[in-house]
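Welcome! Below are some exercises, each with a worked solution. Keep the model open beside you and try each task before reading on.

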Amino acid sequence: MDLKITSLAERPELAEPMWAMADTWAEFVEYDAVAWSLTARIPVEWPEHVLVATDAEGRVVARAFSVPFALRAEGRGELPDGGWDQVMLWAFSDLKRGREADTVSAIEITVAPDAQGHGVSGRVLAALRENARGRGFGEVVAPVRPSAKHLEPATPVEEYARRTRDDGLPHDPWLRVHVRAGGVIEKVAPVSMTVSGTVGQWREWTGLPFDEEGLVEVPGALVPVHCEPGRGYVVYVEPNVWVRHAL
């Protein structure tokens, strides 16, 4: 596929079509509180860290968000168990306090459904790495959401993340793209995203009844969702996998 990948800072006119691009995210993921409140601010605060891929006709077919943050600040140093949510909170806290960033974290790489299967995600990941390198950073980290984990939600994520094929590459397709690009799987972030809502909200988001107490397997969820219909709430705690890319 003929792609042109540029930052939103270079082509701000792509902001609207970037947001309008179709995707395959499960609806409930959008209701992670951190995602709901902060994701839309990334293109405003860091347009130079937002990449947009267009095809030969100029149509947006992929987007990539990343954020700069201070991993080596006092009290940090290690990639957080809080994964996606925590790195987002760190990045915006650092921005507010004027703290100098030393690392870039990937936040999202999304490919339009009709552009999938053409190697677009790998090319966008390579562009995200190069963008960080060009801005003076020596490392990109990523709280990766394994793309096929939802097919076996009962499998412990640590076991799943370490599973490899005969060629030594990860079993999971998205983890495999990262490792092929030079990334190294470091650890699991067990509480990377949290989506809590009422039973009624979860019924609306998923079309499932949520009428029995306990763990419920939900399409698109990486692990089972905890349902408490007697108390009126449902909670999903998603694990991700930290991958480190030295540049």
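## Exercise 1: A glycine in a strand

Gly-197 has a relative accessible area of 12%, so it is buried (buried means under 20% relative accessible area, exposed over 50%, partly exposed in between, with a 1.4 Å probe and protein chains only). A word on the source: this is a predicted model, in which local features need pLDDT of at least 70 and side-chain atom pairs count only at pLDDT 80 or more, while totals for chains, interfaces and linings use all residues. Residues are numbered from 1 along each chain as its sequence is written, and side-chain values use heavy atoms, with hydrogens and water left out.

**Task.** Find the element that holds Gly-197, then list the residues in contact with Gly-197, leaving aside neighbours within four places in sequence.

**Solution.** 
- Step 1: Gly-197 sits in strand S6. Helices (H or I, at least four residues) and strands (E, at least two) are DSSP runs, numbered from the N terminus.
- Step 2: Contact means heavy atoms within 4.5 Å. With neighbours within four places in sequence set aside, Gly-197 is in contact with Trp-202, Trp-205, Gly-232, Tyr-233 and Val-234.
- Step 3: For a view across the model, go from Gly-197 to Gly-122: they are 75 residues apart in sequence, and their C-alpha atoms are 34 Å apart in space.

## Exercise 2: One side of a helix

**Task.** Which residues of helix H8 are buried, and what do they pack against?

**Solution.** 
- Step 1: Helix H8 covers residues 199–206, and its buried residues are Val-199, Trp-202 and Trp-205.
- Step 2: These residues lie on the same side of H8, because they cover an arc of only 125° around the axis. The arc is that of the directions from the helix axis to the C-beta atoms.
- Step 3: The buried residues of H8 pack against strand S6 (184–198), strand S8 (225–228) and strand S9 (233–246).

## Exercise 3: Positive phi after the helix

**Task.** Follow the chain out of H8 and look at the phi of Gly-207, then at the phi of Phe-210.

**Solution.** 
- Step 1: Phe-210 is in the loop between H8 and strand S7 (214–216). Phe-210 is not a glycine, yet its phi is positive, at about 45°.
- Step 2: For background, most residues other than glycine have a negative phi.
- Step 3: Phe-210 counts as buried, with 3% relative accessibility.

## Exercise 4: The largest pocket

**Task.** How many residues line the largest pocket, and which element gives the most to its lining?

**Solution.** 
- Step 1: On a 1 Å grid over the protein atoms alone, a pocket is an open set of points where a 1.4 Å probe fits, with protein on both sides within 12 Å along at least five of seven lines; lining residues have an atom within 4 Å of a point.
- Step 2: The largest pocket is lined by 41 residues, and Trp-25, Glu-108, Ile-109, Thr-110 and Arg-145 lie nearest its centre.
- Step 3: S4 gives the most to the lining, with 6 residues.

## Exercise 5: The whole chain

**Task.** How many helices and strands does the chain have, and what percentage of its residues are buried?

**Solution.** 
- Step 1: The chain has 8 helices and 9 strands.
- Step 2: Of the 247 residues in the chain, 50% are buried.
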